[in-house]
Amino acid sequence: MVITPVHYIVAPLIAAFAIPLLIKIHKDAARIVPGIVLFYNVIVSLFLMNHIAEHGMISETLAGWQAPWGINLVVTPFTGFLATMVSILGFIIWLYGYRFKRTLKGGEVKYYEILQMMMIAGSIGIIITGDIFNMFVFIEIVGISAFSLTAFYRSRDGAEAGFKYLLIGGFASAFLLLGILIIYTQTGTLNMAQIAERMPDVPQQMKIVALIFFLVALGIEAEMFPLNGWAPDAYSQAPSPTSATFAAVVSVAGVYALIRVVFTMFDVEGVNNYLMVMGFVTMLIAEIAAISQKDLKRMLAYSSVGQVGLVLIAFGIGSNLAVFGALFLMLNHGVIKSLLFMAGSYFIYNTDDKKIKSLNGIYKKLPIVSFFFALGALAIIGFPPFSGFWSKFYILISAADEKYVFLIIGILLVTIIELTYYLRVVGRIYFAKQEGEPASHKPSINALVAMSSLALFIIVIGVYPDLIMPHIQSAADALLDKSNYIQQILSIKN
Amino acid sequence: MLKKLIVFLLIGTLGYTLAVTFSSIPIGANRIGSLDNPETVAAYYLDKSPNDLKVANTITAVVVNFRGFDTLGEVSVLFLAATGLASILYRKEEEEEEEENKRHISHRLNLPSSSLVQTGAKILFPLILLLGIYVFIHGHLTPGGGFQGGAIIATGFLLMLVSYKGFKNNHKIMVWLESLAGLGFVGVGLYGLIRYGSFLQNTGWTGNLNDLVSGGLIPLIYIFVGIKVATELTNVLDILLNIKSRRK
C-alpha cells in the first residue's frame, strides 16, 4: 500500500506548520497550499476506497504497536464513505472560498486558511480513528479551529457567537473526557473495538453514566436538542465558507462520533429510542424556529439543525434501510446545504444586511446564483427529481416498515414547514419587485465551478441514484456489522 | 421558589448519582495485572518501555511512542489555539499606525519595573531557559518532558515581558523555530512510515537504559515538542500583552 490512512492527517499538518514559512517565499502560498493538500486528501480517499473494495477493511497501526496498545486508524466502507465525502466537500469549499477572501490582507488569510484546513482534516481524523481518546484529540482540533473561525470577523455578534461556542464546546470536551475516564477504569483500554468487546462485562450503572456523558458531549457536537444553542449563532456569524464547512463537514463528523459510540461501543437497550425521540424534537423545534427567522444564514442554520434531527431519527430507527437512508441524507445534506450557503453568501454580499426581506427580485442581479439557490431549496425540501427526494423517501419507507406512524406524520409535517420557508425566500428572489442598482459583487469563476459541481451532483444523483447507492449500502452494512468490526481490528496484523 | 427547589432537586439527584458512580471506581488501587493476565493496557507498557524501547520514564514512552499520534494532535491543538488567538486579536497595520500616533499625544502610563525586578529577571532568565531545556532533554529519563519544559521556557519569556516594557521577541526566529519544530515532529513520524511502514515508529537502535542518548527517536521528538510548546506559549503571551497595551 503506497497511500495509507495516516496521510489524511499528516499532509494537512505538514502544510499547516509550513505555511508560515512558505508565505515568505510566495505571498499566495497560504491560499494555494491548502487547496493542494485538500485535493491530495481526495486522492487518498479514492485510493483507499478502491483498496478496501478489493482487499477488505484497513486498520493501520501507528508507531508500530498493535491495536489495543497503540492507536489505529480504521477505514471500513462506512468510515471510508464518510471520509471520502468530507474530503471532496472540503476541497469544493476551498475552491469556492479561494477568491472569496480576496479582501483580506496577507496575515489574515494565513490564519483563515490554516484554521479552515485543519477543521476539515480534524473532521476526517474523527471519522477514521479507531481509538476513543484519539477521537477526543481530533474533536479538540476541530473545536479550536471552529471557535476561532466563528469569531473571525471580530464583530460584536461574531465574538458573542464564538464565545458561546467556546463555552459549550469546553463543556463537551470536559464531559467527553469524563466519559472516556469511566470507560477506561472499567475496561482498561481505549481502543473502540476492544471497549466494545469488553462492554458486556461492565456494570450497568457505569455503562449508563458513561453513556450519558458521551451523549451530552457528542450531542453538542452533533447539534442535538437541547444542546444546539450554539449552532444558529455560529453558522450565521462565521465566514460563509466556514458556515458551509460546519454544515457539510463538522456536523457529519459530530453525528459520526455519536453513532460510532452508540452503535459500536455501547450495548445499552433503549438508546435507539432516545436518539429517535431527541432527533424528532430537534427536527420539530429547529424547523419551527426556522420559519420565524428574518436573517438568511440563520434560517439556513436552523434548517441544518433540523436535517441533523432527521438523520438522528433515521439512525434511531436502526434498521438497515433506515441507516441507509440516514447516510444518504448526511451526504445530501452536506452537498445541498453547502450549495445553499455558497449561493446565499453571494446574496448577502450584494445586499446591505443579511435579512431575507432585502432579497427582493435579486435574480435579475445574480441570475446564476439565484438558480443554484432555488435548486438547492427544492432539493433539500425533497422534490423529485433531485437527490434530496431519495434520502427522505427511504427514511419514510423505513419508518413505515417499523410502523412508526407518528414519525411519518412528523416528517411530512416538517416537509410542509420547510416548503413554506424555503419557497418564501425563493418567491422573494424571483417574483418580488426589484429595487436598487445592479450587483456589485459578481460570483467569481472558481465559485461558479464549485457551485455547479454541487448542483450537478444534486441533479445526477436525483435522476440516477444507482450511481451512489451501492456505496451507501455497503457503508450501512459495515456500520451495523459490529462483531465483524471488532474481530477484524483485534486480529489484523499489519 | 418552586423553580429553585426543582433545580436543587435536579442537581442533588445528578450529584448523588455521580458520587455513587465515581466512589465505586477504585481510583489509586493497583489494577494493572500481570503481562500474562492484563487487566489494563498498562501492564504491556510497563514491560515494553524499559525492555524494548529502553526508556526509563514509562510515561514518556506512552506519550511519545505508544500514543505519539495523540501528542502530535495535542501539539497541533496548541498551534491552532495560538493561530486562532492571533486571528482574533491581531492588529491591522493601520490600527497600529493610529496607535503610534496616539502614543505621542496621550501620556501613556508607562512606568518601568523597579531595577530590583529588572536585575533579578536578567539573572533568572538564562537560568529558567536552562532549566526548561534540561527538563525536555531529560524527558525520557526523569519526570517532565516537552510540554513541561516548553511551559517553563515560556515563563522565562513572560518574566522578561513583564519586567522590561521594551522587551521584544525576535519574531523572525520565533516563526522559524515554531514551524521547524512542528515539521521536525512530523518528519520523525514520516521517517518511521517510510523506513518501517508505520507512522512514528521508533528506530531499532535504542541504546542502553538510563543513558542520555537512549530510546531511539523518543528524546528527539520531545525536543521538538519542547521547542514547539515554548514558542507557541510565548506567542500567546506576546499577543495577549500587545492587546492589553492597546486598550490602556
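This is a predicted model: local features need pLDDT of at least 70, side-chain atom pairs count only at pLDDT 80 or more; totals for chains, interfaces and linings use all residues.
1. Residues are numbered from 1 along each chain as its sequence is written, with chains lettered from A and ligands numbered from 1 in the order in which they are written.

2. Chain B has nine helices and zero strands (DSSP runs numbered from the N terminus: H or I of at least four residues for helices, E of at least two for strands). Among the contacts in chain B with a separation of 6 or more, 68% join residues 24 or more positions apart (a contact needs C-beta atoms, placed from the backbone, within 7 Å).

3. Now for where the chains touch. Chain A brings 45 residues to the contact and chain B brings 41 residues. On the chain A side, α1 (7–25), α4 (106–128), α5 (132–150) and α8 (204–221) each supply at least two residues. Of these, α5(A) gives the most, with ten residues. By class, that side of chain A has 30 nonpolar, twelve polar and three charged residues (Ala, Val, Leu, Ile, Met, Phe, Trp, Tyr, Cys and Pro count as nonpolar, Asp, Glu, Lys and Arg as charged, and the others, Gly among them, as polar).

4. Within chain A, have a look at α9 (residues 230–237) and α12 (residues 296–317): their axes come within 8 Å and cross at roughly 135° (axes are lines fitted to C-alpha atoms, for helices over the stretch in contact, and angles run from 0 to 180 degrees between N-to-C directions). The residues that meet include Ala231(A) and Tyr235(A) from α9(A), and Leu300(A) and Val305(A) from α12(A). By class, this contact has seven nonpolar, two polar and two charged residues.

5. Finally, α16 of chain A (residues 405–431) has 27 residues and reaches 37 Å from its first C-alpha to its last, close to the 39 Å expected at 1.5 Å a residue (the expected span is 1.5 Å times one less than the number of residues). Its buried residues include Leu407(A), Glu418(A), Tyr421(A) and Ile429(A). The buried residues of α16(A) pack against α11 (271–291), α12, α14 (367–381) and α15 (387–401) of chain A.

How values were computed: Two residues are in contact if their C-beta atoms, placed from the backbone, lie within 7 Å. A residue is buried if 20 or more other C-beta atoms lie within 10 Å of its own, exposed if 12 or fewer, and partly exposed in between; C-beta atoms are placed from the backbone.
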